[in-house]
Structures are given as structure tokens and as C-alpha cells.
Amino acid sequence: MKKTLNKNYLGFMLTTAAVFLVGLILTLCGVTAAKNGGGFINVITFLLAFMPILIVLIGMLGFDLSALKVAPFAFLLAVLLTITYFADVTLTAGQAASAIWAQTWAGIVSALYIVGLIFFSFLILEMMKVSGAMDIVKNKIATISGDRRVQLILVGLFVPIFMEGAAGAGTPAAIAAPFMVGLGFDPILAVVIALMSDGVCTSFGGAGLTTMSGSAQLVADGITTTVDTNFAAAGMFHMVGILVMPFLILAMAYGKKGFKGKGIVGYALYCGVVGALLMLLFSNYVGGFITDMGTGLGGIILAVLGLKIFKIETPEELFYKVPESKEKPKFGFVRALSPYLFILVIFPVVLTGSKYITVGSGETAMPLWNFVVSKVTYNGWIDILLFIVSLLSILSLSYGFNQYCKSFWASLKKVIGVLVIMASLLAVANIMKIVYTTDAEGRSISMITRLAYDLANIAGPLYPAVAVLIGGIGSFITGTNLGANQLFAKMHIAAAQELNCNAIMTFAAGNGGGSLGNMICPNNVTAACATVGMTGRENEVMKRVALMFLVTCVLYMILGMLYTFVIFPNVGPDTLHMLACIG
């Protein structure tokens with residue numbers, strides 16, 4: 001096994017070196033990305049622009065290497081290509097080095113905040129395990145339904161959706177995946193399911209911040225009068241994603257066995273329809289700010305009530321039997337679940353309420369939200385709240401302070417390797433945004449925008465479908481749906497105007513694709529694996545979730561074409577809900 005690993009590692013390093021040599025040789029021959037040679041050179045430029053991220057997939061999927069072994073080489077390749085083939089010739093060597101360092105440092109700082117999220121999620125899970133609270137929770141959920149498939153839909157689908165709306169910033173996988181592991185599910189499966197579910201709701205992440213901020217260009221250009229139109233359009237994509245997700249979850253987890261026995265197919269359909277209708281209702285008629293929270297919480301409640309309607313036959317191998325115990329539980333179910341209840345209450349209340357609490361006075365007055373985010377970023381805000389939850393859990397779980405310190409230190413040691421991975425990957429994403437030239441239309445061109453513009457030029461009238469793919473690539477590289485929206489909003493608008501099609505639905509297609517990209521984003525995969533102690537096995541997760549990404553991506557691409565040209569061609573700036581615009 002070790003010989004195979006060493007052989008794979010050597011092969012990966014040689015592949016990375018070969019990619020750089022291609023760029024270096026072309027540069028020495030006077031051919032660079034900034035000169036735009038046309039024809040075959042454009043193809044080379046496209047491929048080289050994609051390589052800093054593609055090399056991550058090659059290493060993890062092709063050579064079966066962990067993210068810890070792959071990520072530093074991806075960073076090195078990004079730096080080397082930036083100072084050779086993608087160099088900005090107007091900059092001095094010192095200016096170029098400063099730009100690269102600035103983006104690298106920004107990646108390190110962002111990684112620290114994300115690793116904080118992983119660390120505190122890990123700590124809370126450890127506290128629940130040591131205190132015995134997780135056993136109590138597991139047994140109680142089993143009394144709701146001992147069917148593992150039902151448990152997976154309840155916790156794996158609706159909990160991530162709620163957490164995405166309440167906090168975003170990677171919280172869904174960081175909370176839901178460890179929770180599923182605590183319930184006895186395989187850690188790799190738990191991560192895959194959490195990522196899948198998060199992929200069909202991220203457009204409403206962080207109380208709607210993803211679409212609200214990401215679609216600001218549409219409002220500024222007068223294409224939509226308010227952000228509500230963009231929320232409504234995004235909901236039309238994700239309602240279909242949620243509709244099919246229960247079936248994809250069962251197929252991923254158990255294959256054909258997942259649909260064995262009476263009642264389970266009907267129950268999966270019921271949960272999909274409930275989730276879809278809630279997504280439609282909240283996104284189109286209530287508001288994008290609470291769409292995910294309303295869909296997640298409403299989905300949990302209605303999914304539990306649905307068990308009274310559907311009598312599900314459970315195969316023996318998929319039934320969880322509560323272990324018999326003569327010992328009286330240490331505390332009740334609500335108290336055992338208190339750390340996650342704190343999260344469910346504190347996150348939406350504090351994150352929303354802080355926008356209406358003012359700090360300072362006069363010209364320096366600003367919402368508490370803006371003040372905290374300006375100091376520690378949005379991810380840092382989440383870290384602070386998780387730290388508070390961990391302290392409250394000391395009291396609710398009767399957790400000794402000495403034991404808390406031991407768990408704190410044990411959890412801290414487990415995230416050191418994750419910091420290296422996250423810092424490398426985030427630095428790669430940042431470096432790929434460095435502008436190396438401007439095109440004939442005056443647009444700033446970086447590696448990531450080069451990819452998007454080339455795909456747009458190839459797409460032609462299929463652009464609404466390709467917009468889904470562009471959004472997915474943007475999220476895959478930057479790590480966020482918001483980042484993809486902000487990068488490509490102008491391009492989606494320009495392409496729609498060129499095709500004389502609806503820009504609102506075209507942007508919504510890109511927004512939906514950006515959400516799906518969270519499933520396979522290396523940053524998210526690494527973070528989710530770390531929360532369940534599976535650092536080093538990211539390649540296994542990537543292989544399993546990639547198939548589901550492709551399935552949902554194709555579905556959204558079809559929807560993009562149908563919505564833009566057939567079903568909703570008449571969506572206007574003042575539209576508040578989509579159903580009034582059919583046909």
C-alpha cells in the first residue's frame with residue numbers, strides 16, 4: 001500500500017511539473033496569455049487557466065491522494081503560472097510578488113477563520129459524545145423512526161438547509177455531518193449527504209446574503225427593481241433540486257436497498273414535495289431572507305408528521321434498534337440536544353438582530369453586524385457564536401471545565417493539517433483572481449474570468465445552460481456561491497442581452513449552478529471531512545459526491561433553458577413571484 005502511495009505521489013508531482021513546464025516553455029518562446037495568440041493558443045490558455053484547480057482533482061481522483069498532499073502543489077503551480085504564462089507585463093517583479101503575497105496572506109487569514117468553524121464544531125461533537133448526550137439523542141430519534149433512511153432524510157436533508165439559512169459559511173456540513181456521525185452513520189456517507197443537501201440551498205445562505213449581495217449588479221442596472229425578484233427566480237431552481245434530493249440521498253446511501261419495502265418511496269416523494277413547496281412559498285411569497293430557515297425547520301416538522309401517514313416497512317439491515325440499558329439517562333432529550341438547540345436559536349436571532357443594533361454614534365454609527373464583520377469577517381462572526389455555544393454547553397451538559405480544556409486541546413490538535421490544506425486552496429482561489437491583462441472590450445481578465453468568458457463564447461444560444469456550469473466552476477474555485485455570483489453577474493447580464501433573452505433567469509441559472517458547486521468545492525470537502533475526523537480521505541468523498549453534482553448540474557442546465565426561453569421568458573423588473581410570469 002505504501003509503495004503504491006509513493007508511486008502515486010511521484011506521478012502526481014511529475015504531472016504538476018509537466019503542466020508548469022508547458023507554461024514556462026511557451027513563455028520563453030514569447031507566447032503568453034496576455035498576448036492572446038488566437039486559435040490553438042486560446043485552447044492552451046484555457047487549459048492552463050484551469051490547471052491550478054484541475055490539478056487538485058487529478059491528485060485526489062486520479063492518483064488517490066489526500067488533500068494535504070495535493071493542496072500545496074496546487075498553490076505552487078498557481079504561483080509559478082502567475083509569474084510566467086499569466087504574468088502581467090505592466091508590473092515589475094516586486095509588484096507581482098506583492099500581489100501574489102497579498103492574495104496568499106488573504107487565503108491564510110480566511111483559512112484561520114474557516115478552521116475555527118471546523119474546530120468548534122468538532123469540539124461540540126466531542127462534548128456531546130463524552131457527556132453521553134449523543135447516545136440519548138440517538139436513542140430518542142430512533143423512537144421517532146428506527147428506519148435509517150428516514151433518519152437520513154430528516155437530519156441529512158432538512159438540517160443542512162436550515163443551517164445554511166441561519167449561518168451559511170460552511171456551517172451546514174460542519175454541523176450536520178458530525179450530527180449524523182453521532183447517530184451512527186458512516187463518516188464518509190455523512191459528509192457526502194451533508195454536501196449534497198447544502199448544494200440545493202446555498203443561494204439563500206446566510207439569511208439570503210448570497211443572492212442579495214451577489215445579484216446587486218442586476219438591481220444597479222435596473223434589470224430587477226428589488227432583490228426579491230432574484231430570490232424568487234433562484235427558488236424556482238432549488239425547489240426542483242429539493243424535490244429530487246430525497247431520492248438521490250437514498251440512492252447514494254443504500255443503492256437499490258434504499259427503496260426496498262412499502263412506504264419508503266411515497267415518504268421520500270412526500271418529503272421532496274414538502275421541501276419544494278416550502279422553498280417555492282418562502283422564496284416567492286415571503287422573502288429570501290428566511291427561505292432556507294423556513295424550508296429547513298418546516299421540512300423537519302412536516303417530515304416527522306408524515307411518518308403518521310406513511311407506514312414504512314423497514315428491512316432488518318436498515319433498522320436501528322435502541323440498545324437496552326438499565327441505567328437511567330443522565331438527562332432528558334432536550335438537555336442532551338441543547339448544544340444544537342443553542343445553534344438553532346442563537347444563530348438566526350443574533351445574526352439577524354445584529355443588523356438592527358447600532359454601535360457608535362454620529363458619523364461613526366453602524367450596525368453591530370457591520371462592526372463585527374469588519375473586524376473578524378463573516379466566518380469570524382460564526383466562530384464567535386460557536387465558541388459561545390460551546391461555553392453554554394458546559395452548563396447544559398454538566399461538563400467539567402477541566403474536561404472542557406482537555407477536549408479543547410484534543411480538538412485543536414486535529415485541525416492543524418486542515419489549516420495547511422485550507423490556506424493552500426484559498427490562496428489558489430485568490431491568486432486565480434489576479435488580473436493579468438484587459439481585453440478589447442476593456443474587461444479585466446484573470447485566470448478564472450478567462451475560463452468563464454471562453455465558456456460563454458462557446459455556448460451561444462445554450463448560454464443559460466452553460467451559466468449553470470460557469471456558476472459551478474466559480475463556486476468550485478472561490479469556495480462560495482456568493483463569490484461566483486459577484487464574479488460573473490456582469491457576464492450573465494451581457495450574455496443575456498446579446499442573446500435577447502431574459503437576464504433575470506439567466507443570472508438565476510448561474511446562481512443555481514454556484515450553489516451546486518459547493519458540493520464539490522475542495523475547500524468545503526476538506527472542511528466537512530475534518531469535522532468528522534476524516535482528514536486524508538477527501539478523495540473518497542470527492543468521488544462519491546461528484547456523481548451527484550453531475551446529476552443535479554444536468555438537471556439545472558435543462559431547467560435553465562426551459563425557464564429562460566419557454567416557461568418564464570416574460571419575467572420583468574417588478575416581478576415579485578414567478579408563477580405570474582408563466583408562458
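Q: Why is Ser 390 called buried?
A: In this predicted model, Ser 390 has a relative accessible area of 0%. Buried means under 20%, so Ser 390 is classed as buried.

Q: Where does Ser 390 lie, and which residues does Ser 390 touch?
A: Ser 390 lies in helix 16, which spans residues 368-396. Leaving aside residues up to four places away in sequence, Ser 390 touches Phe 120, Leu 123, Ile 124, Met 127 and Tyr 404. Phe 120 is 270 residues from Ser 390 along the chain, yet the C-alpha atoms of the two are separated by 7.3 Å. Phe 120 and Tyr 404 also belong to one aromatic cluster, together with Phe 119, Phe 387, Phe 401 and Phe 408.

Q: What makes the pair of Phe 12 and Phe 63 edge-to-face?
A: A search of the whole structure finds 18 aromatic pairs. In the pair of Phe 12 and Phe 63, the ring centres are 6.2 Å apart and the planes stand at 70°. Rings pair if their centres lie within 6.5 Å, and planes over 60 degrees apart count as edge-to-face; the pair meets both conditions and is therefore edge-to-face.

Q: Which parts of the chain does the pair of Phe 12 and Phe 63 tie together?
A: Phe 12 lies in helix 1 (residues 2-28), whereas Phe 63 lies in the loop between helix 2 (40-62) and helix 3 (67-82), so the pair ties together parts that are 51 residues apart in sequence.

Q: Why is the pair of Phe 12 and Phe 73 also called edge-to-face?
A: The ring centres of Phe 12 and Phe 73 are 5.8 Å apart, and the planes are at 85°. With a limit of 6.5 Å for the centres and an angle over 60 degrees required, the pair is therefore edge-to-face. Because Phe 12 is in helix 1 and Phe 73 in helix 3, the pair ties together parts 61 residues apart in sequence.

Q: How do you know whether Phe 73 is buried or exposed?
A: The relative accessible area of Phe 73 is 19%. The limit for buried is under 20%, so Phe 73 is buried. Phe 12 is buried as well, with a value of 0%.

Q: What makes helix 12 roughly antiparallel to helix 13?
A: Helix 12 (residues 264-286) and helix 13 (residues 291-306) pack at an angle of about 150°, with their axes 9 Å apart. Angles over 145 degrees count as roughly antiparallel, so helix 12 is roughly antiparallel to helix 13. Their crossing is right-handed. Among the residues that meet are Tyr 267, Tyr 270 and Cys 271 in helix 12, and Gly 294, Gly 298 and Leu 302 in helix 13.

Methods: Residues numbered from 1 in each chain as written. Predicted model: local features only at pLDDT ≥ 70, side-chain atom pairs only at ≥ 80, totals over all residues. Heavy atoms only, no water. Phe/Tyr/Trp six-rings, centres within 6.5 Å; stacked < 30°, edge-to-face > 60°. Helix = DSSP H or I, 4+ residues; strand = E, 2+ residues; numbered from the N terminus. Buried < 20%, exposed > 50% of the residue type's maximum accessible area, 1.4 Å probe, protein only. Axes fitted to C-alpha atoms, helices over the stretch in contact; angles between N-to-C directions. Parallel < 35°, antiparallel > 145°, perpendicular 65-115°, else oblique. Left-handed = near helix turned anticlockwise from the far one by under 90°. Contact = heavy atoms within 4.5 Å.
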